[in-house]
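Thanks for coming. I will take one chain by itself, then the way two copies meet.

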There are 2 protein chains.
Amino acid sequence: MTDVVIAGIGQTEVGEHWEIGLRDLALHAIQSAVKDSGGLKPQALFVGNMLAPNISNQAHLGALIADYAGLTGIEAITVEAAGASGGAALRQGYLAIASGMVDVALVVGIEKFTDKLGSEVEEAISTTSDSDFEAVQGMTTTAQAALLMKRYMHEHNVPASGFAGFALTSHANGVANKNAMFRKAIKPETYSKAEMVSDPLNMFDIAPNADGAAALVLTRRDLLPSDVKSPLVKIAGSAASSDTLALHDRKDILYFDTAQISAGKAMKQAGIVLDQVNFFEYHDAFSIYAALQLEAVGFAIKGKGWKLAEDGSIGLKGKIPCATMGGMKARGFPGGAAGVYQAVEAVTQLRGQAEANQIANAKYGLIQSLGGPASTAVSHILMAL
Amino acid sequence: MTDVVIAGIGQTEVGEHWEIGLRDLALHAIQSAVKDSGGLKPQALFVGNMLAPNISNQAHLGALIADYAGLTGIEAITVEAAGASGGAALRQGYLAIASGMVDVALVVGIEKFTDKLGSEVEEAISTTSDSDFEAVQGMTTTAQAALLMKRYMHEHNVPASGFAGFALTSHANGVANKNAMFRKAIKPETYSKAEMVSDPLNMFDIAPNADGAAALVLTRRDLLPSDVKSPLVKIAGSAASSDTLALHDRKDILYFDTAQISAGKAMKQAGIVLDQVNFFEYHDAFSIYAALQLEAVGFAIKGKGWKLAEDGSIGLKGKIPCATMGGMKARGFPGGAAGVYQAVEAVTQLRGQAEANQIANAKYGLIQSLGGPASTAVSHILMAL
């Protein structure tokens with residue numbers, strides 16, 4: 001198969017964009033990505049979005065955004081898989097290029113949570129969990145994550161400060177990322193004194209819902225001129241997997257099967273083993289998710305994922321740097337855009353353009369986008385050529 | 001490229017399924033399709049859905065339906081492009097198989113409009129039009145179609161009874177389709193005496209919102225045993241195109257650019273010309289859409305699409321049979337499932353299994369799924385092997 005490469009990246013600052021609408025936000029990211037690609041002309045648009053029909057009263061984003069970006073006529077769809085919508089849109093773009101039917105694909109992740117009040121957003125997010133068996137009981141995804149975390153702490157004897165390392169790392173890495181929502185490092189005391197949201201989950205275990213858009217231009221290697229300036233990044237592996245929405249249907253609620261399956265497939269396709277992965281962009285919507293991903297992917301044994309955060313292994317100079325540009329905790333969590341931000345940040349690393357946050361000798365990056373508690377996981381191995 | 005074939009089809013009756021939920025409806029269609037395929041094992045699920053997050057309080061349908069269908073672990077996403085969601089899901093399934101990354105794909109269209117009241121459904125459907133410039137003014141998609149129809153009648157001197165042929169044909173064809181919502185033929189007087197909904201659009205110019213699920217199993221020809229019993233149907237052409245959501249942004253509101261572009265590309269890929277198309281499953285959510293599609297695709301010159309309905313050309317024995325199993329008007333309009341029903345019905349024709357509704361010597365069928373007033377159009381040429 002021809003190499004599928006990411007030829008352009010773009011992103012908006014993540015935060016509360018009260019001043020502009022959904023389509024404008026997408027436009028900014030698209031313009032940056034197309035410019036970055038040297039002006040490639042997209043033939044297809046894959047929009048990753050989680051909740052715009054509920055939160056922004058706008059469905060049919062594919063056609064809307066294609067037109068607004070001056071791409072009227074191209075094929076365009078929205079891809080939804082809850083919080084993994086961005087990763088899933090990237091995979092659809094990848095499949096389209098790999099099929100040989102599309103030469104240049106645009107992948108855009110977009111979410112505008114501030115179009116509704118926080119409580120309304122929580123209600124909307126609840127539609128991504130099992131509405132007949134979980135949401136109907138009043139369980140929010142935050143409350144669900146708290147139950148997971150509580151069980152994890154009980155089974156594995158984790159102290160109250162056990163998860164602090166995730167927030168500390170993300171916030172430290174967010175400082176130098178000019179697109180991050182929070183650019184302030186925090187101290188261990190900040191975590192330990194934080195307000196409780198849903199016991200044992202405190203404010204620093206939860207990524208902030210935010211507005212943002214990120215974009216990628218995908219094409220085949222052979223369609224680019226041989227003297228492309230930016231270091232090229234190839235999609236070396238791409239895979240996805242799904243699991244039950246409702247936790248009660250799982251054999252082991254403390255193991256993210258889909259994270260293991262999709263990462264394993266992506267690495268197999270890329271022809272690499274875990275040791276070759278230089279950094280990992282996990283989906284830290286909740287710190288417990290990050291811990292469980294580290295375990296499922298294989299960076300830690302069961303029950304020890306949190307240790308990697310505590311002992312500094314996930315830091316920029318650690319054994320397996322994670323959330324290298326601030327992750328969802330500090331960069332912010334713009335729903336369906338989150339998975340595309342992961343890709344944009346990974347490309348930045350692999351191009352060697354991450355400045356203060358640069359990982360040394362980054363050749364392979366693993367990015368993993370989750371929907372709910374890994375009810376969906378989409379994994380990609382990006383590789384510097 | 002390897003031939004992509006539709007190896008299995010399944011559908012539920014279209015109507016008001018108060019008694020069962022979204023996931024059960026999908027399950028019935030999936031079980032039929034998998035059985036019909038001889039028990040192929042899907043590796044990927046593409047769900048076409050328009051409004052479940054709003055109407056059924058359920059997003060994240062990919063993982064939910066995969067699990068409920070006993071396919072836990074496979075990759076699964078939802079594809080949304082308003083009314084064209086079903087056609088768009090089919091195209092994603094096609095691209096996945098064509099990429100060589102997926103051997104067996106399941107495409108499911110699903111909608112359950114009865115989960116909300118009619119007025120709430122109208123409000124939800126309005127999110128598929130331009131929320132900032134159209135929906136915000138209170139314009140529903142029905143009112144929008146009425147404006148299109150009025151302008152068309154004015155410009156082309158169409159009499160009040162001019163569109164009756166669409167409803168008459170669909171209802172005649174629905175009689176023998178056991179999955180159709182309405183199985184009763186109507187007379188010209190029924191149309192002319194029908195209640196006005198939004199002048200000049202009467203009740204028979206509008207397809208009924210309904211519940212339903214349809215499913216397809218896609219694979220590569222070479223993966224099937226050589227002695228497959230059912231006549232095989234190949235996806236010979238697949239294409240999509242997008243246009244503005246808001247009508248005021250178009251050069252000519254009475255020409256469906258995307259219908260022309262996508263059908264043209266699909267035919268080119270199939271290596272056929274329009275004369276070779278034996279039947280056309282158009283998207284008759286409104287009769288005016290059907291007329292405009294007939295013109296854009298090239299079956300009629302501009303302003304004369306309605307004539308094909310009036311003179312019997314779209315009948316089962318006409319020059320270009322349309323809505324052969326009742327179309328959206330009589331079979332019913334189950335939102336994101338509609339485009340998948342088109343494919344199921346086209347396969348039935350191409351297999352020669354349409355019984356009373358069988359088109360003679362059907363070799364090529366064109367199906368076209370629209371989102372809004374052709375803001376999205378997805379076209380496929382299906383071919384009997």
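How many helices and strands does the secondary structure of chain A come to? The count is 13 helices and eleven strands, where helices (H or I, at least four residues) and strands (E, at least two) are DSSP runs numbered from the N terminus.

Some housekeeping. This is a predicted model: local features need pLDDT of at least 70, side-chain atom pairs count only at pLDDT 80 or more, and totals for chains, interfaces and linings use all residues. Residues are numbered from 1 along each chain as its sequence is written, with chains lettered from A and ligands numbered from 1 in the order in which they are written.

Of the 385 residues of chain A, 65% are buried, meaning that 20 or more other C-beta atoms, placed from the backbone, lie within 10 Å of the residue's own.

Now the interface. 50 residues of chain A contact 50 residues of chain B; contact means C-beta atoms, placed from the backbone, within 7 Å. Helix 2 (52-55), helix 3 (61-68), strand 3 (75-80), helix 4 (85-99) and strand 8 (233-242) of chain A each give two or more residues to that side.

Strand 3 of chain A runs antiparallel to strand 3 of chain B, joined by three bridges; pairing takes at least two DSSP bridges. V79(A) has V79(B) as its bridge partner.

A rotation of 180 degrees with 0.0 Å of shift along its axis superposes chain A on chain B, RMSD 0.0 Å, by least squares on C-alpha atoms of residues with pLDDT of at least 70 in both. The two copies are thus related as by a two-fold rotation axis. S99(A) comes closest to that axis of the residues of chain A, at 1.8 Å (C-alpha).

Terms used:
Two residues are in contact if their C-beta atoms, placed from the backbone, lie within 7 Å. A residue is buried if 20 or more other C-beta atoms lie within 10 Å of its own, exposed if 12 or fewer, and partly exposed in between; C-beta atoms are placed from the backbone.
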